[in-house]
Amino acid sequence: MIFHQIAARVYPAKASGLTQAFVLNPNLWVQHVLDGHNDIVMVFWMLLATYLLLRSKWLFGVMAATLAVLVKYSSLLLLPVLFIAVIRNNPEWGLKQKFIFIIKGCVVAAGTAAALYLPFWIGQDTFKYFFVFKEWFYTNSVPYAFYLFFTKLGVFFQPTDVKRFFILFFLGNAFLAMAWLFLKRSYTPVSFFRTLTWIFLALHASYAIPFYGNHLSWSIPFLILSDFPLSPVAITLVSLAGIFAYFKGLSFLYLIAIVIYFG
């Protein structure tokens, strides 16, 4: 229902078709109905934040985006994009108003997180995952696929160097995506969707933690809404990569999907 409301506001003539593409997406059914991953809960809050953004309810949108972060940390990327979208959506704001909004947004996000996470606070171990995964270099990640490819060619890199390169690759893409949104001559909701899609697709290609089909749920709704060139092809390729990841490493399928799309 929320996805349809978003689509109807941005693409009135195509809202039903886009909603069907989302509701009937096979990767979402496989990952969240059959396999029961909780990413779809995060996606719910992200879409609600997007809907509230379209209705100019900025602070409630920040609260919804923060709730997404409390489900999975990866949605933290939504918050800076949301801040930029609000600023671009209010061209009449002066520097002081923009600064006040950012401060308010940060306070609302921090306050929401603290209030809702406090009952589950277990000290430093709350963030134990971050200290653990920085040592990981999983065989089904895209960085490992590159590492393996060059190793087969007889070119040897240290795993830490490969991981460092892909961290820089992601940070560079995230910065470029947000700079593009901030500096773009005219702002539209489609720009917001494309920025998030760009960042999440770059993220999928960058981390060395396990890469599974449920992670693609972060980008699929925004990919559907982004109206990219050949977007039906892109949606199909990403969805198929997630489904067939049960039989073949998703890192290879993801890279093949990218090659086919650009081809």
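The largest share of the lining of the second largest pocket, six residues, comes from α14, in a predicted model where local features need pLDDT of at least 70, side-chain atom pairs count only at pLDDT 80 or more, and totals for chains, interfaces and linings use all residues. Residues are numbered from 1 along each chain as its sequence is written, and side-chain values use heavy atoms, with hydrogens and water left out. The protein has 14 helices and zero strands, where helices (H or I, at least four residues) and strands (E, at least two) are DSSP runs numbered from the N terminus.

**Second largest pocket**

- About 510 Å³ of space lies in this second largest pocket, a volume being the space filled by probe spheres set on grid points that are joined across faces, edges and corners.
- A pocket is, on a 1 Å grid over the protein atoms alone, an open set of points where a 1.4 Å probe fits, with protein on both sides within 12 Å along at least five of seven lines, and lining residues have an atom within 4 Å of a point.
- The second largest pocket has 20 lining residues, and L201, A202, Y254, I258 and F262 lie nearest its centre.
- At least two lining residues come from each of α9 (142–152), α10, α11, α13 (231–244) and α14 (250–262).
- By class, this lining holds 19 nonpolar residues, one polar and no charged ones, with Ala, Val, Leu, Ile, Met, Phe, Trp, Tyr, Cys and Pro counted as nonpolar, Asp, Glu, Lys and Arg as charged, and the others, Gly among them, as polar.

**Largest pocket**

- The largest pocket contains about 1200 Å³ of space, and of the 37 residues that line it, Y73, S74, Y129, F130 and F133 are the closest to its centre.
- Two or more lining residues are given by each of α5, α7, α8 (128–133) and α10, and α10 gives the most, with seven residues.
- The lining of the largest pocket divides into 28 nonpolar, five polar and four charged residues.

- Helix α6 (residues 78–88) is mostly covered, with 10 of its 11 residues buried, where buried means under 20% relative accessible area, exposed over 50%, and partly exposed in between (1.4 Å probe, protein chains only).
- The buried residues of α6, among them L78, F83 and R88, pack against α4 (39–54), α5 (58–71), α7 (95–117), α10 (159–183) and α11 (189–204), with contact meaning heavy atoms within 4.5 Å.

**Individual residues**

- T19 is placed in helix α2 (residues 15–23), is buried with a relative accessible area of 14%, and touches F3, H4 and A7 when residues up to four places away in sequence are not counted.
- D227, in the loop between α12 (220–225) and α13, has a positive phi near 55° although D227 is a residue other than glycine, and at 33% relative accessibility D227 counts as partly exposed.

**Overall dimensions and burial**

- The protein has a radius of gyration of 19 Å, which agrees with the value near 18 Å that a compact globule of 263 residues would have, taken over C-alpha atoms with a globule rule of 2.2 Å times the number of residues to the power 0.38.
- Of the 263 residues, 45% count as buried, and among contacts between residues at least 6 apart in sequence, 69% join residues at least 24 apart.
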